[in-house]
Amino acid sequence: MASFNKVILLGNLTRDPEVRYTPKGSAVCDLGVAGNRVYTTDGGEKREEVTYVDVVLWTRLAEIAGEYLKKGRPVFIEGRLQMDTWDDKQSGQKRTKMRVVGETMQLLGSRPSGATTASEEPGDEDRPARSGGKPSAPPPKSATPTEPDEDEIPF
């Protein structure tokens, strides 16, 4: 029998990402995501419901989140549910917490205005900011479609 455990989150960060490293050097990033649901009651009243979800990211995904995400930024995360269990040191009681282990992530939206750096060129608003003195990448190829070569057509 197949096992299924898939979560898709679309929301805004509730806090800045917190990146740390394991003793073996793997990056781990904890972040919170808030998802909103707006609905109308039977009486015609509009209501908003907010759900808060804790997310953990590992390795390179954790480093990317720490570098490019900030509180309030929209993000799309796919992952799986994980139940953490531990003994509370103060009360001695067993505690549990459900969280999402992110497996893929897409940064959404653009950076706030005025957040460009000297290494960026006009029109780079949708690309992540570069850090340090790295040379900038060449501009992307034109988005206008070109005619495919007959040898490139797969059928």
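## Salt bridges and surface features

At 24% relative accessibility, Asp 54 counts as partly exposed, because that value lies between the 20% limit for buried and the 50% limit for exposed residues. Please keep in mind that this is a predicted model. With that said, let us take a friendly walk through the fold and its side chains.

The protein has one helix and six strands, and along the sequence these follow the pattern β-β-β-β-α-β-β. Of its 155 residues, 24% are buried.

The salt bridges come to 12. Together, Arg 15, Glu 18, Asp 54 and Lys 97 are linked in a network of salt bridges. Arg 15 is partly exposed, with a relative accessibility of 28%, and Glu 18, at 42%, is partly exposed too.

### A buried pair between strands

Next comes the salt bridge between the side chains of Arg 99 and Asp 84, with 2.7 Å from N to O. Arg 99 sits in strand 6 (residues 94-107) and Asp 84 in strand 5 (residues 74-87), so this pair ties together parts 15 residues apart in sequence. Both Arg 99 and Asp 84 are buried. The table gathers the salt bridges described here.

| Salt bridge | N to O distance |
|---|---|
| Arg 99 and Asp 84 | 2.7 Å |

### Other arginines

Two further arginines deserve a look. The charged end of Arg 37 sits over the ring of Tyr 39, at 4.4 Å from the ring centre. As for contacts between rings, the count of aromatic pairs is zero.

Arg 73 is found in the loop between helix 1 and strand 5. Its side chain reaches the backbone oxygen of Tyr 68 at 3.2 Å. Is Arg 73 buried or exposed? Arg 73 counts as buried because its relative accessibility is 14%, and buried means under 20%.

### A nonpolar patch

On the surface, Leu 81, Met 83 and Met 98 form a nonpolar patch, and their accessible area together is about 280 Å². One of its members, Met 98, is part of strand 6. Met 98 has a relative accessibility of 44%, so this residue counts as partly exposed. That value also passes the limit for a patch member, because patches are made of residues with over 30% relative accessible area.

Finally, turn to helix 1 (residues 59-68), where Thr 59 is found. Most residues other than glycine have a negative phi. Thr 59, however, is not a glycine and yet has a positive phi of about 50 degrees. At 47% relative accessibility, Thr 59 counts as partly exposed.

Methods:
Residues numbered from 1 in each chain as written. Predicted model: local features only at pLDDT ≥ 70, side-chain atom pairs only at ≥ 80, totals over all residues. Heavy atoms only, no water. Salt bridge = Lys/Arg side-chain N within 4 Å of Asp/Glu carboxyl O. Buried < 20%, exposed > 50% of the residue type's maximum accessible area, 1.4 Å probe, protein only. Helix = DSSP H or I, 4+ residues; strand = E, 2+ residues; numbered from the N terminus. Patch = residues over 30% accessible without salt bridge, like charges linked within 9 Å, V, L, I, M, F, W, Y side chains within 5 Å. Areas by Shrake-Rupley, 256 points an atom, 1.4 Å probe, with all protein chains shown as cover. Phe/Tyr/Trp six-rings, centres within 6.5 Å; stacked < 30°, edge-to-face > 60°. Lys NZ or Arg CZ within 6 Å of the ring centre and 35° of its normal. Polar contact = N/O pair within 3.5 Å; in protein donor to acceptor, adjacent residues only side chain to side chain.
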